[in-house]
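Reader: I am new to reading structures in which two chains meet, and I would like to go through this one slowly. Could you take my questions one at a time?

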Amino acid sequence: MIDLEKIEALSALKLKGEEKEKIIKDLEEIIEYFEILKEVDTEGLEPLIYTKGIALSLREDKVTESLDIKYIERNRKLFGNNLFRVKRIIGE
Amino acid sequence: MEIGDLTIKDIASRVKRNEISANEVAKFYIEQIHMKDPLINAFLYVDEDGVIKRAKELDNLKNKKGLLFGVPIAIKDNMNVKGLQATAGSKILRGYIAPYDATVVQKIKDEGGIIIGKTNLDEFAMGSSTENSAFFPTRNPLNVEYVPGGSSGGSASAVSAGLSKAGLGSDTGGSVRQPAAFCGVVGMKPTYGRVSRYGLIAFGSSLDVIGPLTKTVEDSAVMLNVIAGFDAKDETTAKVEKEDFTDSLGKEIRGLKVGVIKEIADFNVQSEIMQSLKVSYSKLEQLGAEIIEVSLPHLKYALPTYYIVAPSEASANLARFDGVRYGLEGEGENIKEFYEDSRTKGFGSEVKRRILIGTFALSAGYYDAYYVKAAKVRRAIEGDFESAFSKVSSIILPTTPTTPFKFGEKKSPLDMYMSDIFTIPVSLAGLPAISVPIGKDNKGFRVGIQLIAKWFDEATLLRVAYALENY
């Protein structure tokens, strides 16, 4: 039922071997379990995205302190002007 | 009295009055960890040098103040503590050092608390047993052949075994309350929006709530006093007035209406848990509360709803783990292969499963049938609670359908998911809830009884929980 190749690509995952077989089986079982929701009459109900009492508020647009660059460096070596190095994206 | 038997209030006031030193308290807990944690494995990392340094600093302060002065607190390893690791129990974040403090951690430090270490969890808080930790499982201190629950199993077992005075967990579908029940401690999930999520590694952003694990309801109230409040860094925190949650403790509950759920009969619940539930009803009645039956007609739809909503949010949240800025770096000829390799090597099976489910539920052609449908059922579940709370001020039900299970006992993901059937509906509605140990099963485990209150009414929640705990 589900196009695993497409979902894998959208998820940026590449499953292999036994893990792949097990996950396909699990997903089918889990998605089948979702069928029970069809029983619920949801006509006229608004989807609930955030629960009660939450009024999304925006903070004032002003400059605040940012992270200490030395902590960022500890997690990944920086190259050049405080930039992360990635694989070539343009020009392939 | 031993240090381990003191409450948070006791420790803080004694340290402030120089009756004991923060250093003595810290050393006591580090010694407990040395003795017991090799068997339990509650901690992923203990900051021994940092703890002793911090304790000495506190002892040297002239002006000693703070609700947690000298009190050791264990932090689930999906929350940032500046300068310490934050792995979220995942290989993809092995070696990651947090560049800043989560707001809750900052608040603990501001009140004189000592961060004793980072505790184990199911990878990215996805699981109910800590078996999904990429590093090792944590054992239940009440019987090490059994799981401690999850995903905050490390913090729950640390508090249960006396390795820390209190702990923080995060609760998306039951991840504080369920391990609290399994380890025989108190676990609270505050109202969604009561506590800042800034610095918590996100799982399901509309569900995630940070909550305390403690030995007593009073300790839980003190912890909530510390961590609650609006935070400009988390735009979903609510602007509600500051209150002292210990004020309601000890107030009588005569005349309060407590709801029992009609639909509980439709679920397969272990007999000793039903027994403890009935004992709780009668205790509450004897204290003068009125027990009223209420109905939550959509209760049985909560689990499938959650397993669409939470993975959908997770699939978006976990997109940031790509191997570029931090964490495990994969290999590949081009950027696409590099991303895929980093993520495929870095994430464990349960995390992959949930990312795939969420991506599926959000994908073109399935979005309305799965994600939108689930979000609408979620509205119906909220409506059930709203009408129940027009009749009562709190609701009582079990925290879990069974007491702890053994390692490897839950074979399929769905089997594992079932252990959260009573905590998940509450999370979907964003309500505050607490698990309190009441009664025992025949293996000696405590039974967790869950109380739920109205949105932002933690005062009533704690008042009823305290009455039940101290009956």
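Author: Let us begin with a term that will be needed: a salt bridge is a side-chain nitrogen of Lys or Arg within 4 Å of a carboxyl oxygen of Asp or Glu. Please keep in mind throughout that this is a predicted model.

Reader: With that rule in hand, how many salt bridges does it find across the interface of chain A and chain B?

Author: One example is the pair made by B:Glu382 and A:Lys52, whose closest N and O atoms are 4.0 Å apart. When the rule is applied across the whole interface of chain A and chain B, the number of salt bridges found is six.

Reader: What is the area buried between chain A and chain B?

Author: The size of an interface is often given as the accessible area lost when the parts come together. Here 54 residues of chain A are in contact with 78 residues of chain B, and carbon and sulfur atoms give 66% of the buried area. The area buried between the two chains is about 5900 Å².

Reader: Which residues of chain A lose the most area to chain B?

Author: Three residues have to be named here, and together they account for 12% of what the side of chain A buries. One of them also takes part in the salt bridge with B:Glu382 described above, namely A:Lys52. The three that lose the most area to chain B are A:Leu48, A:Lys52 and A:Arg76.

Reader: Which helix gives the most to the side of chain A that touches chain B?

Author: Across this interface the rule finds 20 residue pairs in polar contact. On the side of chain A, the helices α1 (4-11), α2 (17-33) and α3 (69-75) each supply at least two residues. By class, that side has 30 nonpolar, six polar and 18 charged residues. The helix that gives the most, with nine residues, is α2(A).

Reader: In β11(B), which residue is the bridge partner of B:Lys440?

Author: Strands β10 (residues 433-440) and β11 (residues 446-453) of chain B run antiparallel and are joined by six bridges. In β11(B), the bridge partner of B:Lys440 is B:Arg446.

Definitions and conventions
Residues are numbered from 1 along each chain as its sequence is written. Chains are lettered from A and ligands numbered from 1 in the order in which they are written. This is a predicted model: local features need pLDDT of at least 70, side-chain atom pairs count only at pLDDT 80 or more; totals for chains, interfaces and linings use all residues. Side-chain values use heavy atoms; hydrogens and water are left out. Contact means heavy atoms within 4.5 Å. Buried area is the accessible area (1.4 Å probe) that two parts lose on being put together, summed over both. A polar contact is a pair of N or O atoms within 3.5 Å; within protein, one must be able to donate a hydrogen and the other to accept it, and residues adjacent in sequence count only if both atoms are side-chain atoms. Helices (H or I, at least four residues) and strands (E, at least two) are DSSP runs, numbered from the N terminus. Ala, Val, Leu, Ile, Met, Phe, Trp, Tyr, Cys and Pro count as nonpolar, Asp, Glu, Lys and Arg as charged, and the others, Gly among them, as polar. Two strands pair if DSSP finds at least two bridges between them.
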